[in-house]
Amino acid sequence: MNTLAAITQILVAAAFLSIPLIRHRFGNAAKAAAVAELEQQGIRPSVLEENKLRFDAGGHEWWAPGSFAAAMLTAAAFNLAGSGWGTTLTWIFSSIALLTNIAILHSQLGAVESVQSAFRRKGDPMLQSIDVPAFLKAAEGAFPSWTRILQNVRHTVVFAGSAIALTAAALV
C-alpha cells in the first residue's frame, strides 16, 4: 500500500508543478493579450504593474505549487522507504492537497467575481472600471486550448491521487 500511495503522490506532485510550468511558458503571451484588451477598453496598461498583477509563474504562482510538490515528494520518499513517517505525512499532505485543490477549483470557477472583488479592495478607480470578463477571456485565450484539458486532468489527478493515497494510508 505504501508503494501505491507513493506513486499517486508523485503524480500529484507533477500535477502541481504543471501550474507554474504552463504559466512560465505562456504567461508573457497572456500578459500581452491582457494589455491589448486593456488598451481596447481605454485603460492604461501600466495599471497591471502598478497593482502587481502578473500572468507568469512568479511569486506565489511558483512557491505555492512548488511547496505542495515538495511535500508530496517527501511523503512519497518516506512511503517508498517503508517508513512509518510515510503514513503520517500522507495523512497530512494528501489532506492538504485535496483541500487546496478544492480551493483552487472554486477560485477558477469564480474567477470573474474574485478579480472584481480584488479590484474593488484595491480602491483604484482605474481597476474598478475594467471589464473583467473580457480582460480574463483575453488572457485565457493566450494559453493554448490544450491547457484547459491539462487543467481538468490536473484536477482529476490531484483529487483521485489524494483520495487513493489517503485510502492506502488507512489500509496500512
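### The salt bridges

One of the pairs joins Glu49 and Lys31, whose side chains meet at 2.3 Å, N to O. Another salt bridge is formed by Arg44 and Glu50, with 2.6 Å between the closest N and O atoms. The side chains of Arg54 and Asp56 also meet in a salt bridge, at 2.8 Å, N to O.

| Residue | Relative accessible area | State |
|---|---|---|
| Arg44 | 33% | partly exposed |
| Glu50 | 43% | partly exposed |
| Arg54 | 49% | partly exposed |
| Asp56 | 24% | partly exposed |

### How confident is the prediction?

The protein has an average pLDDT of 92, and 100% of the residues score at least 70. Where is confidence lowest, and where is it highest? The lowest mean, 84, belongs to helix H2 (residues 46-50), while H8 has the highest, at 95.

### The largest pocket

Now for the empty space. Rolling a probe the size of a water molecule over the atoms shows where such space is left. The largest pocket has a volume of about 1500 Å³. Its lining is made up of 36 residues, and those nearest the centre of the pocket are Arg23, Glu61, Ser107, Gln108 and Ala111.

Which elements give two or more residues to this lining? They are helix H1 (2-40), helix H3 (60-80), helix H4 (84-109), helix H5 (111-122), helix H7 (132-141) and helix H8 (146-170). With six residues, H5 gives the most.

Sorted by class, the lining of the largest pocket holds 18 nonpolar residues, along with ten polar and eight charged ones.

Is Thr8 buried or exposed? Thr8 has a relative accessible area of 6%, so this residue falls under the 20% cut-off and counts as buried. Leaving out residues up to four places away in sequence, Thr8 touches Gly161, Ile164 and Ala165.

Ser162 is found in helix H8, the helix with the highest mean confidence. Ser162 is buried as well, because its relative accessible area is 0%, under the 20% cut-off. Which residues does Ser162 touch, if those up to four places away in sequence are not counted? The contacts of Ser162 are with Val12, Ser94, Ala97, Leu98 and Val157.

For a sense of distance, compare Ser162 with Phe55: these two residues are 107 residues apart in sequence, and 28 Å separates them in space, C-alpha to C-alpha.

Key: Residues are numbered from 1 along each chain as its sequence is written. This is a predicted model: local features need pLDDT of at least 70, side-chain atom pairs count only at pLDDT 80 or more; totals for chains, interfaces and linings use all residues. Side-chain values use heavy atoms; hydrogens and water are left out. On a 1 Å grid over the protein atoms alone, a cavity is a set of points where a 1.4 Å probe fits but cannot get out, and a pocket is an open set with protein on both sides within 12 Å along at least five of seven lines; lining residues have an atom within 4 Å of a point. Grid points are joined across faces, edges and corners, and a volume is the space filled by probe spheres set on the points. Helices (H or I, at least four residues) and strands (E, at least two) are DSSP runs, numbered from the N terminus. Ala, Val, Leu, Ile, Met, Phe, Trp, Tyr, Cys and Pro count as nonpolar, Asp, Glu, Lys and Arg as charged, and the others, Gly among them, as polar. pLDDT is the predictor's confidence in each residue, from 0 to 100. Buried means under 20% relative accessible area, exposed over 50%, partly exposed in between (1.4 Å probe, protein chains only). Contact means heavy atoms within 4.5 Å. A salt bridge is a side-chain nitrogen of Lys or Arg within 4 Å of a carboxyl oxygen of Asp or Glu.
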